[in-house]
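Here is a short briefing on one structure. Please look through the sequence and the fold before reading on.

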Amino acid sequence: MLSRQRKMRRRARFRRGEFEDSCVLSRLFRRCCEVSATRGLVHAWIGTRASMVLRNCHNFHDFRRLAKRRLPGPIFDYIDGAADEETTHRRNTKAFESCDLVPSVLRGVGSVDLSVTVMGQKLALPVYCSPTALQRLFHHQGERAVAAAAAKYGTMFGVSSLGTVSLDELRKAHDTSQIYQFYFHKDRGLNRAMLQRAKDARIDIMMLTVDSITGGNRERDLRTGFSIPFRLTLAGMLQFAMKPRWGINYITHERFRLPQLEEHIDMRGSALSIGGYFTEMLDPSMNWDDVAEMVRHWNGQFCLKGVMSPADAKHAAEIGCTGIVVSNHGGRQLDGSRASFDQLAEIVDAVGDRIDVFMDGGVQRGTHVLKALSVGAKAVGVGRYYLYPLAAAGQAGVERALGLMKAELERDMKLMGCIAIGQLSRDNLRLR
Ligand code: FNR
């Protein structure tokens, strides 16, 4: 009886996010690290090791390999994986091979201006960091690293509803444009309260994700038992044991939290998991009238993320959205749905003259970005492109990835014979 109570208490603490205290060894280790000198040494050692290998990362694949080395398997698979057979995920990148760039020469390309103005935001780069969940699980700096790197390169970044740093904190830290990615709740009062909080925090763009009306079938996560709170399988646990450095980082930094939700929903006592949040709190009956009401209430830049059909794109424009993201959630929701790049032209043709069309999915190279901009996207979002560098080396990693992207874009624009993004058009593309 006593041991059952103890087990229940321990389980409750585990659910509250106090995972690290649930075993004697990690408790001992935490004590050790509370001596600040030890902690300083540990962090310095981790920092030096990280920069040593970061210098060898020159593209998406290098960062991905490094992230794989650093992360426990279940966490790497959470980022890397997608739905069902992962066909849409693979096609997202492959789609860029369906057409080729046709460069122009002798056009005097001394200096290149990569800036764009989208949804009222002036960005120094036509690439932004798409909102993604749980970033402090990938590296202890999480959203702080991504926001700082985005600010350094003068572009915008998204904070997920399932973000691990509060949007107010990030707003105070950086002036760069900030997106808040929103999920629609059954409780309309709660939706209004969350919108108000984002308004008070001076968020620039409200982005409602509409492709996640139910969770995608991510079989890699089922195999490892990845969920929040963790419900790891034995195999999953072994993979964590094999990456002690991730564990050191996790344990020696502030507790894992979901501040966007905690402000409004009691995620502690009720032990609501992320899976439970999706099934119990979000509203699968959300429809166009609900969104129209939300757009009116927000009364500012409002974007729908996950629009894949021209009819839906037109509907979004009609209810007052100022932007849409052509996106299939990085292939993590409906497997077999069309690749974002394959679908981009149709949507630009339908609404490109009325609202700003973004796209994301599968972008790994400057030339992918140039192809999407040539078709008519106003800016391009990246997810895994910055998540692997984040996992590999925190802020330094994301900065290096965005720096490489900027250098690629400058070089590729020059090779294309263009000095401003507005000069790209479908004339410089040919289908295979
Ligand atoms: C995502 N994405 C996402 N989208 C969203 O609207 N809310 C979210 O919380 C998340 N979380 C999230 C976590 C992880 C690990 C990934 C990989 C993606 C989707 C994301 O914003 C974007 O649409 C895709 O990542 C784009 O595809 P690529 O660039 O990763 O191929």
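In which sense do strand 10 and strand 11 pair, and over how many bridges? Strand 10 (residues 356-360) pairs with strand 11 in the parallel sense, over 3 bridges. The model is predicted.

**Strand 11 and its partners**
- Met359 has Val380 as its bridge partner in strand 11.
- From strand 10 the chain passes through helix 19 (residues 366-375) to reach strand 11. This β-α-β crossover is right-handed.
- Strand 4 (residues 127-129) also pairs with strand 11, in the parallel sense and over 3 bridges.
- Cys129 has Val382 as its bridge partner in strand 11.

**Burial of strand 11**
- Strand 11 (residues 379-382) is covered on both faces.
- Ala379 and Gly381 are buried on one side. Val380 and Val382 are buried on the other.

**Contacts of Val380**

**The largest nonpolar core**
- The largest nonpolar core has 108 residues.
- Val380 is among the residues with the most contacts inside this core, along with Val146, Met206, Cys303, Ile324 and Ala377.
- Helix 20 (residues 384-416) gives the most to this core, with 16 residues.
- Domain 1 (2-62 + 232-251) and domain 2 (76-221 + 256-431) both give residues to this core, so the core lies between them.
- In soluble globular proteins, nonpolar side chains tend to be buried together.

Key
Residues numbered from 1 in each chain as written. Predicted model: local features only at pLDDT ≥ 70, side-chain atom pairs only at ≥ 80, totals over all residues. Core = buried A, V, L, I, M, F, W, Y, C linked by C-beta atoms within 7 Å. Buried ≥ 20, exposed ≤ 12 C-beta atoms within 10 Å, placed from the backbone. Helix = DSSP H or I, 4+ residues; strand = E, 2+ residues; numbered from the N terminus. Domains from an automatic or database assignment. Pairing = 2+ DSSP bridges. Right-handed = clockwise from strand over helix to strand, strands pointing away.
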